[in-house]
Amino acid sequence: MKRSIIRWPGLLAFVVFVGLLVAFSWLFLDSILRWGMEKTLGRLNGAEVNIERVEHSWVPLSIGVYGIQVTNPQQPENNRVVVGEVRADIDTGQLLLGRYIFEQMNASGIRVDQPRDSAGEVYAPVTKDSLLDAAGSGLEALDIELPSVDDIMQQVNIQTETVIANAKQTFAEQQQKLEQAKAALPSDETLKSYEQRIKELTEGKIEGLGDLAQRREQLEKLKADFRADRDAVKQFKDTVSQARETLSAELAAVKSAPGDDIDRIQQFFKLDSQGLGNVTSLVFGEKARQWSQYILLAYEQVAPMLARSSNDQTIEPARGQGQWLSFTEDDAPPEFLIKKAVTEFAFGDTVLDVDWRNITHQHQQLGQPTTFQARADNNGLWQSFNLNGELSLGENGIDARQQWQLKGLKLSDTPLSESSAFSATLLATTLDTDGSMAVRSNQLEGNGAIRLANLDIQASGEQRWAQLVGQALGQLQRLDIRANMSGDITSPSLSLNSDLDRQLTEALTGTAMSAAQDKLDAVKARLNEQVQSALSEQQPQLAELTQLLELADSKDSRLNDLLNAKAEDSVGDKLKEGLFKKLGGNN
Amino acid sequence: MLTLLAKLLKALNSETGAWALAFAFVLGMVLGLTPLWRVHNLIILLAALLFRINLSAFIVSFLVFSGIAYLLDPWFHQIGMSVLQSPSWQGVWETLYASPWGRITQFHHSITMGSIIVSLLFAPILAVLSYLIVINYRGHIQAWLLKLKVVQGLRASRFWQIYAGIRG
């Protein structure tokens, strides 16, 4: 007998198999959901996502996810965000059509940038620059060398000794010129002989016109000698005047040389604020980066995940995974939508609720952006906080805007830097901040102000510069920091600027000067001693010049007297008297 | 595994219909080449159990083609992507995508689509090829094989003891 083509026991086996499959899925649904969520969220995140457990209920259809850890692809040792609990109600009808529509979602216990027990696996490595450019270099890069007096003495090239040497050389040169000029001066004997000759020519008896002519001729010869000597005296006076002027200038230079040198040494102590680097970023950068993750949460965390969910190309599918394509029409409802969500961010014992509307990656289909708003006043940590913004994914990427104001945030015992070279702790401060930012086609641009008042910072380090920076930070009462954010949404950069650099430069300069004051005084004393030694030699020489000038004046005066007045008059009178006598006249 | 192979050998050497074996190979091939957790594989399983085809051949085929599928995954992905992204088919895919039954098939997955297309195209070829091999095996190859020293050595092994036990 030919057997039937149908094997009825086989049908029974199929029913049993399917029944077992359904029972297995029913029993292990939570584990299957957990596994699926870890895979899907991991793909969207670009790095490992861990979920502690998942619970579901059928009526109404809802799901609870607990202990979510989202690895930071840039820092696999850290979770970019940790969520304690998420509960969501799912629209069953839409789920049958393949749409994940959540009417309400509540997430609590959210913390960002938390360390992981072990490094998470990264599926899509992102080449991302450090959020904070300067902070990445670390405090070790802050190479502050305080100058010592000895180092500076070598660099400054002390001028006092050179000035003294130049003055001595000038003195010697002028001395030589003076000696030459002095040698050409008529001596006192010469002047006396001139006076004697004049006296003989003018006071002796004139023996007629021949005698007169002879005397006149001798007188003219004498006048020629007088003029030559007077020129020599004039030349000498010029030389002395010039020497006195030159030497006075040299002495003034010598006197001021030590002061000039000390001034230049002190100038070298003044540190270049640019050489210090951006201390604001180095000290506050790491903490500001953590703070910014709360401010940028919507962009840094949610937006990239939504962007990835809308574009599978952003992650290269693993072998055997394949790719899921979407064939929704432009006017179709979104496939994924959380209509309302409340996320509770935990700051110690303080909780901040952020209200979300319309979380989706298909904003064009929804026709509305995702909006978020947080407002909390007068809690234990701050006086007032207000954050609101919106974001949407379009053809050109993410478009978004947000603004925030936070007043009276009290911070205490907040570690700023725990570097081996430099550690700093914010013991207490009151922080105010406000700002705004916008994203256009994935490009972020924004700025804000961080104002720290009633600052109390404790900082220390083993190296000298670290101790000085610590002292300077300890003196700060308030600090205004300007923050600028820019760059691609997946790798925003944050830069901080304040007048801390200037304050720190001044403080370091003052400290360095104070530390070097004893040595500076010693240097100054040594230079002054050299100058006094030089002055004790050269000042008498200068006084001598004055005496020489007086002497030259005296000789000049005597020569002028001889040349201009007495000789002419007396000879003329004598001649007149002789002529009258010969003519017999009385007058 | 040895038992499974022995059962397959028994089926080849028995009076089991050649087409029953050939269809078993085809169904095992579809199950092996396409991703396992898909609705269409339930239909394949139902067919394998409900119709009187050789289950040993079905399982062996599934195992062999599962290994081959791993090698061909990138190729399936490419084929699936090109078909799913083909402009002329967009209307069909959108309609399927909008329907719950279409979404349940998970046709919009590149490897699923690519592997189904390849396995469906290869199914008639494998069916005819399997049928011819079974017929030829029974007519010529079986007698020739039995003369080989390797096979004679095999007949002294544990595998042959299992085979003999099954044959009874």
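1. Residues 116-137 of chain B are 100% helix and 0% strand, with end C-alpha atoms 30 Å apart; helices (H or I, at least four residues) and strands (E, at least two) are DSSP runs, numbered from the N terminus. This is a predicted model, in which local features need pLDDT of at least 70, side-chain atom pairs count only at pLDDT 80 or more, and totals for chains, interfaces and linings use all residues. Residues are numbered from 1 along each chain as its sequence is written, while chains are lettered from A and ligands numbered from 1 in the order in which they are written.

2. The UniProt record (unreviewed entry) places the feature "transmembrane region" at residues 17-37, 49-72 and 116-137 of chain B; such annotations may be inferred rather than shown by experiment, and their positions follow the numbering used here, with feature names shortened. Over residues 17-37 of chain B, the chain is 76% helix and 0% strand.

3. In chain A, strand E4 (residues 100-115) and strand E5 (residues 336-347) run parallel and are joined by eight bridges; two strands pair if DSSP finds at least two bridges between them. Here Phe102(A) stands opposite Ile338(A) of E5(A).

4. E5(A) is also joined to strand E6 (residues 350-359) of chain A, by nine bridges, and these two strands run antiparallel. Phe345(A) has Leu352(A) in E6(A) as its bridge partner.
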